[in-house]
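These are my notebook entries on one structure. I set down what I looked up, topic by topic.

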Amino acid sequence: MTTIVAPVAAAGEIEAVYRQDGDRLWRALYAFAGNEDVASDAVAEAFAQALRRGSEIRDPRSWVWRSAFRLAAGDLKRQSSLAHGPIPEGDVHADEALLVALQQLTPQQRAVIVLHYYADCPVREIARRTGINPLAVRAHLSRGRKHLRVLLGDER
């Protein structure tokens, strides 16, 4: 068993982020990955890494979100195929067609679309959470929306 040591103040901040954003982060990652296990593993690992790093992290909320999305993207690369299970109960109101369409976007497009429309993040916050330049965030949003319209049959 590994003991995690983090300064009390840092651990308290990370706990606050978990309590405020944990469920929302999991749902955003589920929409991003289309896989419950990937979402659960990424959330757990991101918070575990944050606790290990403790006070090294200047902005725990942004760090955890960015890390969780990167961990999920890495898991998806390692998987040979994506399988969509039933949509979990809760605030996820996406239908299966949307989840399948999201998987056809690039990882960056998928991440910014999910953060913008599900987590209600403005462009600057998406840039902070993902580490992507704000201009690139806007480009990924635009391209992702266009691609989703085509995939979902709503070409306007």
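The entries below cover helix packing, aromatic pairs, single residues and backbone angles.

**Entry 1. Source of the model**

I note at the outset that this is a predicted model.

**Entry 2. Helix H2 against helix H3**

I began with helix H2, residues 36-53, and helix H3, residues 60-78, whose axes come within 8 Å and cross at roughly 135°. That angle makes H2 oblique to H3, since the roughly antiparallel class requires an angle over 145 degrees. I recorded the handedness as well: H2 passes H3 in a right-handed crossing.

I then listed the residues at this contact. On the H2 side they are Val38, Asp41, Ala42, Glu45, Ala46, Phe47, Gln49, Ala50 and Arg53. On the H3 side they are Trp63, Val64, Ser67, Ala68, Leu71, Ala72, Asp75 and Leu76. Sorted by class, the contact of H2 with H3 comprises eleven nonpolar, two polar and four charged residues.

**Entry 3. Helix H5 against helix H7**

At what angle do H5 and H7 pack? I found about 95°, with the axes of H5 and H7 8 Å apart. The two helices H5 and H7 are therefore roughly perpendicular to each other.

H5 contributes Gln108, Gln109, Val112, Ile113, His116 and Tyr117 to the contact. H7 contributes Val137, His140, Leu141, Arg143, Gly144, Arg145, His147 and Leu148. I classed the residues of the contact of H5 with H7 as six nonpolar, six polar and two charged.

**Entry 4. Aromatic pairs**

I looked up ring pairs next, taking ring centres within 6.5 Å as the criterion. By this rule the count comes to four aromatic pairs. In one of them, the rings of Phe32 and Phe69 have centres 5.1 Å apart and planes at 70°, so the pair is edge-to-face. Phe32 belongs to helix H1 (residues 8-33) and Phe69 to helix H3, so this pair ties together parts that are 37 residues apart in sequence.

Trp65 and Phe69 form an aromatic pair as well, a stacked one, with 6.3 Å from centre to centre and 20° between the planes. Trp65 and Phe69 both sit in helix H3, four residues apart, which is about one turn of the helix.

I concluded the entry with the cluster into which ring pairs link Phe32, Trp65 and Phe69.

**Entry 5. Gln108**

I returned to Gln108, which is found in helix H5. Its relative accessibility is 37%, so Gln108 counts as partly exposed. Which residues does Gln108 touch, not counting those up to four places away in sequence? I found Ile132 and His140. I also looked up its separation from Phe32: the two C-alpha atoms are 9.9 Å apart, and the residues are 76 apart along the chain.

**Entry 6. Pro134**

Pro134 lies in helix H7. Pro134 is partly exposed, because its relative accessible area is 34%. Leaving out residues up to four places away in sequence, Pro134 touches Val123 and Ala127. The C-alpha atoms of Pro134 and Pro122 are separated by 9.9 Å, and these residues are twelve apart along the chain.

**Entry 7. Helix H6 and the residues around it**

I asked how many of the eight residues of H6 are buried. Six are, so H6 is largely enclosed by the rest of the structure. The buried residues of H6 are Val123, Glu125, Ile126, Ala127, Arg129 and Thr130.

Just after H6, Gly131 takes a positive phi of about 80°. I then turned to the loop between helix H5 (107-117) and helix H6 (123-130), where Asp120 lies. Asp120 has a positive phi of about 55° although it is not a glycine. For context, most residues other than glycine have a negative phi. Asp120 counts as exposed, because its relative accessibility is 57%.

Note on methods:
Residues numbered from 1 in each chain as written. Predicted model: local features only at pLDDT ≥ 70, side-chain atom pairs only at ≥ 80, totals over all residues. Heavy atoms only, no water. Buried < 20%, exposed > 50% of the residue type's maximum accessible area, 1.4 Å probe, protein only. Axes fitted to C-alpha atoms, helices over the stretch in contact; angles between N-to-C directions. Parallel < 35°, antiparallel > 145°, perpendicular 65-115°, else oblique. Left-handed = near helix turned anticlockwise from the far one by under 90°. Contact = heavy atoms within 4.5 Å. Nonpolar A, V, L, I, M, F, W, Y, C, P; charged D, E, K, R; others polar. Phe/Tyr/Trp six-rings, centres within 6.5 Å; stacked < 30°, edge-to-face > 60°.
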